[in-house]
Amino acid sequence: MSSKPNTSPWLEKIKWNGDGLVAAIAQDAKSGRVLMMAWMNSESLQLTISSGDAVYWSRSRNKLWRKGESSGHVQKIHSIALDCDGDALLMQVEQIGGIACHTGRESCFYRQLKGDNWQSMEAVLKDPATMYKNVDQ
C-alpha cells in the first residue's frame, strides 16, 4: 500500500480497513443511480478532494487509478458523505460520458438475480475495446 491514513482531523474520522482502504460508492448526482463501488486510500481521497475528480486505489494494479484516465469517463465530484460507522463513503458525481463501468455500461450494477442466475439488465453503451488504450480488462 503506497499510503496510510495521515493525521488530518477529517481523515481520522474514517475507519480504514486493514489494508488502509475505505469503500467508496459513486452515485449519479442527478438520477440517484448507484454507478459503482471502488476503494480509496488516504492519498486517493485527498487527490479526489483537491482535484474535484474521482481518484481510486486499484487493488488489482496496486496503484492510484484516476477514473477516466484511459476511457475519458471522468467522475466530477459534487459531494462526499461518510456513513454512520465511518467505513464507507458515498460520492455524488457527474459521470462524464454516461459510462461508469469498464464493461461499457452506465452502471457496474447491471446484473440482477433472477431465480438462481444473474441476468444482465442493461445494454453495453460502448464496446470496452474502443474505450481503453493499453489497459487490462
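Ser58 belongs to strand 3, which spans residues 55-58; strands are DSSP runs of E with at least two residues, numbered from the N terminus. The model is predicted: local features need pLDDT of at least 70, side-chain atom pairs count only at pLDDT 80 or more, and totals for chains, interfaces and linings use all residues. Residues are numbered from 1 along each chain as its sequence is written, and side-chain values use heavy atoms, with hydrogens and water left out.

Ser58 counts as buried because its relative accessibility is 5%; buried means under 20% relative accessible area, exposed over 50%, and partly exposed in between (1.4 Å probe, protein chains only). A polar atom of the Ser58 side chain lies 3.1 Å from the backbone nitrogen of Arg61. When neighbours within four places in sequence are left aside, Ser58 is in contact (heavy atoms within 4.5 Å) with Lys63 and Trp65.

A pair of aromatic rings is described by the distance of the centres and the angle of the planes. Rings of Phe, Tyr and Trp (its six-membered ring) pair if their centres lie within 6.5 Å; planes under 30 degrees apart count as stacked, over 60 as edge-to-face and the rest as tilted. The count by this rule is one aromatic pair. The rings of Tyr56 and Trp65 have centres 5.1 Å apart and planes at 40 degrees, so the pair is tilted. Tyr56 and Trp65 are both buried.

Ile49 counts as partly exposed because its relative accessibility is 45%.

Technical notes:
Helices (H or I, at least four residues) and strands (E, at least two) are DSSP runs, numbered from the N terminus. A polar contact is a pair of N or O atoms within 3.5 Å; within protein, one must be able to donate a hydrogen and the other to accept it, and residues adjacent in sequence count only if both atoms are side-chain atoms.
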